[in-house]
Amino acid sequence: MKKDIHPEYHDITIKMTDGTSYQTRSTWGSEGDVMTLEIDPTSHPAWTGVHRLIDSGGQLAKFNKRFEGMGLK
């Protein structure tokens, strides 16, 4: 490897949304930093299989009203 071109590789702590944490090595942050996750495999629908429709700005309501005669819900 060439010298002085690679980022520093050090230990950090990853804190999951459920409060659990683990140690790993990364180039993110500095030695001993804690990365707090907002979305992780314990809370994201892609991994949990639980999906919720969020109506932001009434878009879902507009869709439902527009296609109510087609039997869509």
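**Contacts, Elements and Selected Residues**

Mentor: Of the contacts in the chain with a separation of 6 or more, 9% are between residues 24 or more positions apart. Please keep in mind that this is a predicted model.

Trainee: In what order do the elements of the chain run from the N terminus on?

Mentor: The chain has two helices and three strands. Starting from the N terminus, the order of these elements is β-β-β-α-α.

Trainee: What percentage of the residues in the chain is buried?

Mentor: A residue is called buried when its relative accessible area is under 20%. The chain has 73 residues, and the buried part of them is 10%.

Trainee: Is Ser26 buried or exposed?

Mentor: Ser26 belongs to strand E2, which covers residues 21–26. The limit for a buried residue is a relative accessible area under 20%. Because its relative accessibility is 17%, Ser26 counts as buried.

Trainee: Which residue has the backbone nitrogen that the side chain of Ser26 reaches?

Mentor: Leaving aside residues up to four places away in sequence, Ser26 touches Glu8, Tyr9, His10 and Ile12. The side chain of Ser26 also reaches a backbone nitrogen at 2.9 Å, and this nitrogen belongs to Trp28.

Trainee: With which residue does Arg25 form a salt bridge?

Mentor: The structure holds one salt bridge. In the pair that includes Arg25, the closest N and O atoms are 3.4 Å apart, and the partner is Asp11.

Trainee: How many residues apart in sequence are the parts that this pair ties together?

Mentor: Arg25 lies in strand E2 and Asp11 in strand E1, so the pair ties together parts whose separation in sequence is 14 residues.  Arg25 counts as partly exposed because its relative accessibility is 42%, and Asp11 is also partly exposed, at 30%. To return to the value requested, the separation is 14 residues.

Trainee: What is the phi value of Asp4?

Mentor: Asp4 is placed in the segment before strand E1 (10–15). Exposed residues have over 50% relative accessible area, and Asp4 counts as exposed because its relative accessibility is 82%. Its phi is positive, in a residue other than glycine, and the value is near 65 degrees.

Key
Residues numbered from 1 in each chain as written. Predicted model: local features only at pLDDT ≥ 70, side-chain atom pairs only at ≥ 80, totals over all residues. Heavy atoms only, no water. Helix = DSSP H or I, 4+ residues; strand = E, 2+ residues; numbered from the N terminus. Buried < 20%, exposed > 50% of the residue type's maximum accessible area, 1.4 Å probe, protein only. Polar contact = N/O pair within 3.5 Å; in protein donor to acceptor, adjacent residues only side chain to side chain. Contact = heavy atoms within 4.5 Å. Salt bridge = Lys/Arg side-chain N within 4 Å of Asp/Glu carboxyl O.
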